[in-house]
Amino acid sequence: MQVNGVEIEDTFAEAFDMIAAKLLITARDEKWALHAASTATGFATSVIACGVEAGIESLVEPDRTPDGRPGVNILIFGMSEKGLSDQLMRRVGQCIMTCPTTACFNNLDGEKTVKIGGKLRFFGDGFQLSKRVDGRRFWRIPVMEGEFLVEEEFRMRKAIGGGNFLILGENVDCVLRAAERAVEAIRGVENVITPFPGGVVRSGSKVGSKYKFLSASTNTEYCPTLRPLVKTRIPEGVNSVLEIVINGLDEKSVSDAMRVGIESACSVEGIKMISAGNYGGKLGKYLFHLHKILGEKR
Amino acid sequence: MIILRPKVRFKVPIEAECISPDVFSDKSMDEIRKLEILYGNKRKPLGELFEIEEGQGDGETIKMEGDMSRVKHVGAQMSKGRIEIEGDIGMHLGREMSGGEILVRGNAGDWLGAEMKGGLITVHGRVGNLAGAGYRGSKVGMKGGTIIVNGDAGREVGELMRRGVIAVTGSLGEFTGALMTGGTIVCFGKLGGRAGAGMERGTILSFDRPSFLPTFKRSCVYRPTFVPLLLNSLRKYGLPIKREYLEGSYERYDGDIASLGRGEILVWVGS
């Protein structure tokens, strides 16, 4: 299969179960909502070392937020309910409550709940106030700037992590340009994030290592500098590879994001091939076949 | 839908707790006509005092038409369904209700929604004293739900209130929110004197500057995010919420410091 003259490898991306929360951060203006969102989703590229994977999902217009102020939706993904709950507490407490003028709302229907405002309220040292609005409970925590409003409970639900595709091209310039276009296109898809810096990964990994103490190591098959030394998957004429990793709340969102991302990447001159990272079907239960995803629209 | 109309002009108070969707829902028309009410000190069947007919519409809706200003306790303890009242209605409407909806196009008497736990009461008219309050001897008044008054309300509205929202587009009488331990009262008109007397917790939100008890202390002018959140949630009731209220600043008074002092009166001071 080819898209815009770019070869699409007949392979699949392998994704796995995660658990996710969706937070809506509002503030006096978009700038401060984004400050909080960027901080709360910082150092959250991979669960391997960050505890969670997180990113900004979308900007929200004031007329669509509960308090009528500009908002930012963020998605946070963890491997377990406990792990995600712990990280939510830390990130809401340290990154959102600390940020001037912000408020934090749950923005997800999910089967699991975690108390966030219900615990953070103790920061109010007894002066916190509880309010119920439309059946939802909020806490007003007095802070030096004024008051931090946070919802009592946040919802969590099953989600998917590890949707991905690889962009293989002539050089780093065109591959990076293609990756940027892909990420830009994926921003238009609801309920997904690309958790890596700028949405792009340069250091894709494989499971295991020659070193016993490492559970993951560089993806040698796709490292251009190692072509003559290892079994390679890089075709002739390709000198750089970048990966886009996508986490989403459901299969359709991940699939849609992969499709628009691949299509955008294929519009850049110099791109030779699109592939995907998988572990032979042994790691995750979700297999996103590239041909099937791209064929859905054709 | 069941429609009730008074057969005569009532001269004595009527206690009609049975007029409730919970009571009507599993009964035939004959059984409804035989339900007992107190007419003064006499027990009478409902059908003797009201014309009762079946209309089109939802089976859990009761419609009342006419002057029922002496009919008390309608919708008491109701948990579901809807009561529509075209005309004035007497005291204790929707007392202790836990769900459902009551709509009044007319005036309502004292103790509207007293000690209610949930549901919605909307009155397009004047409301008497002690709406959402706790009965004498009770420690707690309204514990949940919403009361919307498109008109004025009397004294001691929200007395002993713990949770829920009371929003009044007109003026409120004296002692609004007295002895409150939680919940929110929103006054779009003039807030009467001695508001929040003895309140421990809770919020009184006013868009007109009231007179304060000396036991309320000014803390600051700020923009509590909770206010636009609340006002946005109240928009669906057609209240006169101006853009300036959502974006404006509020002067906060903490009190009543003669009591616990964790309550607040928030006064809008403009954009």
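Mentor: Start at Asp256(B), in the loop between β16 (249–255) and β17 of chain B. Helices (H or I, at least four residues) and strands (E, at least two) are DSSP runs, numbered from the N terminus. The model is predicted, so local features need pLDDT of at least 70 and side-chain atom pairs pLDDT 80 or more, while totals for chains, interfaces and linings use all residues. Residues are numbered from 1 along each chain as its sequence is written, chains are lettered from A and ligands numbered from 1 in the order written, and side-chain values use heavy atoms, without hydrogens or water.

The bond between Gly255(B) and Asp256(B) is a cis peptide, with omega about -10 degrees. Most peptide bonds are trans, and most residues other than glycine have a negative phi. Gln77(B) is one, at about 60 degrees; it sits in the loop between β7 (71–72) and β8 (82–86). Trp111(B) is another, also at about 60 degrees. Its loop runs between β9 (101–105) and β10 (120–123) of chain B.

Now the interface. Contact (heavy atoms within 4.5 Å) links 20 residues of chain B with 20 residues of chain A. The two chains bury about 1,500 Å² between them, 56% of it on carbon and sulfur atoms. That is accessible area (1.4 Å probe) lost on putting the two parts together, summed over both.

Three salt bridges cross this interface. The rule asks for a side-chain nitrogen of Lys or Arg within 4 Å of a carboxyl oxygen of Asp or Glu. Glu264(B) pairs with Arg140(A) in this way, N to O at 2.5 Å. On the chain B side, β13 (181–187), β14 (201–206), α4 (226–234) and β17 (263–270) each supply at least two residues. The largest share, six residues, is from α4(B). By class, that side has seven nonpolar, seven polar and six charged residues. Here Ala, Val, Leu, Ile, Met, Phe, Trp, Tyr, Cys and Pro are nonpolar, Asp, Glu, Lys and Arg charged, and the others, Gly among them, polar.

Over all chains, the salt-bridge count is 41. Within chain A, Lys285(A) pairs with Asp17(A), the closest N and O being 3.3 Å apart. Lys285(A) lies in the loop between β16 (271–275) and β17 (286–289) of chain A and Asp17(A) in strand β3 (residues 12–26), so this pair ties together parts 268 residues apart in sequence.

Chain A also has a helix pair. The axes of α5 (residues 172–186) and α6 (residues 251–265) of chain A come within 7 Å and cross at roughly 145 degrees. Axes are lines fitted to C-alpha atoms, for helices over the stretch in contact, with angles from 0 to 180 degrees between N-to-C directions. Ala178(A), Arg181(A) and Ala182(A) are among the α5(A) residues that meet α6(A), where the partners include Ala257(A), Val260(A) and Gly261(A).
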